[in-house]
Amino acid sequence: MAFASTRGPFPGTRMRRLRANDFARRLVRENALSPNDLIYPVFVLEGENQREAVPSMPGVERLSIDLLIELAGEMVTLGIPAIALFPVVSTEKKSLEAEEAFNPDGLAQRAVRALKAAQPALGVMTDVALDPFTTHGQDGIIDEQGYVLNDRTTEVLVRQAASHAAAGADVVAPSDMMDGRIGAIRRVLEDGGHVNTLIMSYAAKYASSYYGPFRDAVGSAGNIKGGNKFSYQMDPANSDEALHECALDLNEGADMIMVKPGMPYLDIARRVSEELKAPTFAYQVSGEYAMHMAAFEHGWLDRDAVMLESLLAFKRAGCVGILSYFALDAARALQ
C-alpha cells in the first residue's frame, strides 16, 4: 500500500476532533455533490401530451416531446447541465438492419432539435446503439447464428451518430461495445464539420443483470427473448479489461468515458479515473434505481438521505458526473 500516515499516535491524534462540529466537518469534506454533477436519462415517445409510467421504475415516465420540453425547462432552473435521450421505438419501426436508427426524422432526432430550440444551453446527449431499433433486441446487426457482427454494426452506428450530430446533439454516447466504433464515429464527425460534438463512450459496459427495468422502459425486453449480450458487453468478473477498453476508446477520440453499471462497479470507476486521468462518468442504472425505490416505498430507507449518499459515492470514487434517474429529485434536494 502506497499510503503511509504522517500522524502521531493517540492522544496526540484524535481523528474525531475534526468531526466534533459542523463547521469543521464542512471545512475538511473531501467531496461534494451538486446539480452540476448530474445527467438526467429520459425516455421519449411519440405523440403529444403523452406520458406513460414505467412499472418497474416507480416515478419514471416515458414522455412525448412536448412534455419533455417542459421537463427540460425545470432541469435548467435546477442547474442540471445535461439530459440523456432514450427513444421508445414502436414495433413497426424495428427491423433486422435498424434503419430507423439513422432516420433524420426519427424520434430521437426530432427530440434533439426540439430540445435545442427550446433550451439551447442544456446539453443534449443521445444514445448511439441499435437495441431499441432491432427486432431481436441486440445492440447490433446479427448473422444467421445470432452473433452480433462488429464491423457491420459499426457502419450503422456511424450513420446514427452522424444523424444525431446533424440534429444538434451536443454529446453522442455509443453504448454498444463494438470494437473500433469510437474511431469510426470520430472520423465521420470531423469530416462532417461537427468538430465540437463530444463523444462519451460507454467504455466499460458490463453484461450486467441490473439492466432489466431499462429494457422494459425502451421496449426491448420482449425482443431479446431470453438472449444475452455476453459476446460484446464485458464480463462482470473482469477489472483489468476495463482499463484496456477505456484506454482504447480514449485513443480513438472519446472525450469522456463511462462505467456502467454504477454502484456495484465503483472499484472500476476508481481504477479508471485514477489510472487514465480522463473525465470519468458512471451510470446509476435502472436496477439500482428500482432497488432503492422499493426500499423507499416500504419505508426501509430514508429517501433523500440515501439517494444523496448513493450519488456522493460516485464522486468519492473519482467520477466527475453521474447519469441517474434520481437526478431531478437530487437537484431539488440540493437547492
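Tutor: In this predicted model, Arg152 has a relative accessible area of 33% and is therefore partly exposed, and its salt-bridge partner Glu155, with closest N and O atoms 3.3 Å apart, is likewise partly exposed, at 49%. Both residues belong to helix α4, where, being three residues apart, they are separated by about one helical turn.

Another setting is found around Lys229, which forms a salt bridge with Asp131, the closest N and O atoms lying 3.7 Å apart. Because Lys229 lies in the loop between α7 (221-224) and α8 (240-252), while Asp131 lies in the loop between β5 (123-128) and α4 (150-167), this pair ties together parts that are 98 residues apart in sequence. Lys229 and Asp131 are both buried, that is, under 20% relative accessible area. The side chain of Lys229 also meets that of Asp139 in a salt bridge, at 2.5 Å from N to O, and this pair again links distant parts of the chain, with Asp139 in the loop between β5 and α4, 90 residues from Lys229. Asp139, like Lys229, is buried.

Elsewhere, Glu74, Arg303, Asp329 and Arg332 are linked in a network of salt bridges. For the structure as a whole, a search finds 23 salt bridges. As background, side chains of opposite charge can pair when their charged atoms come close.

Notes:
Residues are numbered from 1 along each chain as its sequence is written. This is a predicted model: local features need pLDDT of at least 70, side-chain atom pairs count only at pLDDT 80 or more; totals for chains, interfaces and linings use all residues. Side-chain values use heavy atoms; hydrogens and water are left out. A salt bridge is a side-chain nitrogen of Lys or Arg within 4 Å of a carboxyl oxygen of Asp or Glu. Helices (H or I, at least four residues) and strands (E, at least two) are DSSP runs, numbered from the N terminus. Buried means under 20% relative accessible area, exposed over 50%, partly exposed in between (1.4 Å probe, protein chains only).
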